[in-house]
Amino acid sequence: EDESLKPALDLVIISAPEEVEQKFEEFVCTEDQKRIIRKISTAREHREVLRRHRIHEVGKLLFVGPPGTGKTSLALGLSREMHLPLIEVRLSMVTSQYLGETSKNIDRIFDFAKKLSPCILFIDEFDFVAKSRVTDDHGAMKRAVNSLLKNIDRISLIRDGVLLIGATNHPQLLDGAAWRRFDEIVEFGLPDRMMRIQILEQITTSINCQCDFERIADATEGFSGADLRIMVKEALLSALMEHRDHVTDTDMERGILLIISRGLVRSQNWL
C-alpha cells in the first residue's frame, strides 16, 4: 500500500516461505555450511543480546562457487527453514535498466527490505559490482556501485532484521571493498563422491530407482548438483519412453552422456 515502495517491486522477485517447495532438510550441505547456518540462527535468536553489546556486523553472507552448486537453492531453503520472505535481485538487471536511476533503484531495494523485515535480501551476480568498479568509466554506474556498498554497510540482521546474502560465480573479480562487506564467505564447491551419493539419494526419493549409486557417483566426477538433477530427469524420461516405472543404470548412463555432451557444446568456440 506504500506508493513510495512500489517502484522497488519491479526490480525484485519476492518468494514467501510457503512458496518454497524444497525443504531445508533435503539439501546436502557441507559441515562448514551447516556451521554458518547454525551461527546465523543463533544470532537471530539472541538479537537483543548482540544489540545490547553493539555487535551489529552479523548476517552478511557471500555465497561463492561455480554455477549449479546450490547457492540460490540454499537461499530459498533458508527462507523456508527460517520462515522469512526472500527478496531476490540481480544486479545486472538493476544496473542495465534506467541507468540514471540506478542509484535510486538500489536505495529503493534496501529500503523495501527494511520495511518488509524480517526477511532475506538475496543479491545474485554480485561480481557485477567489481566488474563495474574496474571497467566502467560511466559516472552513473560508479555512483550506483558506491550506493550499493554504502547500503550494505547500513543494513544489519541485528539492527534491521535483514539477512543479506550475496552470490557470485566469479570471486576472483571481487575487489577488497566488496569482500570486506561480508562477515562470512560460504564456499559452494562441486560435490565430492560421498556428497554425490547423498544428492542422488535425495533426488530419487520418490522414484523407483534400481541403480548402483556408488558406481554412478564414480562416473559423475566433476558434476554439479544441478547436473545430477538434469541427469536423473533424463534417466526418468528414458524409462517412461520405454513404458517402465523404474529407472535402471542404463537410463542413468544416458543421462550422464547428456551432461557430457552439453559440456562439450558449451566449450565450443564458434568464432
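Analyst: **The largest pocket and its surroundings**

The lining of the largest pocket comprises twelve nonpolar, 14 polar and ten charged residues (nonpolar: Ala, Val, Leu, Ile, Met, Phe, Trp, Tyr, Cys and Pro; charged: Asp, Glu, Lys and Arg; polar: the others, including Gly). The model is predicted, with local features requiring pLDDT of at least 70 and side-chain atom pairs pLDDT 80 or more, while totals for chains, interfaces and linings use all residues. Residues are numbered from 1 along each chain as its sequence is written, and side-chain values use heavy atoms, without hydrogens or water.

The largest pocket holds about 720 Å³ of space. On a 1 Å grid over the protein atoms alone, a pocket is an open set of points with protein on both sides within 12 Å along at least five of seven lines, a cavity is a set where a 1.4 Å probe fits but cannot get out, and lining residues have an atom within 4 Å of a point. Of the 36 residues lining the largest pocket, Gly68, Thr69, Gly70, Lys71 and Ser73 lie nearest its centre. Two or more lining residues come from each of helix H4 (71-82), helix H7 (127-135), strand S5 (162-168), H11 and H13 (DSSP runs of at least four residues for helices and two for strands).

Within H11 (residues 193-203), Met195, Arg196, Ile197, Ile199, Leu200 and Ile203 are buried, that is, under 20% relative accessible area with a 1.4 Å probe. Helix H12 (213-219) and helix H13 (225-241) are among the elements covering these buried residues, contact being heavy atoms within 4.5 Å.

How values were computed: Buried < 20%, exposed > 50% of the residue type's maximum accessible area, 1.4 Å probe, protein only. Points joined across faces, edges and corners; volume = space filled by probe spheres on them.
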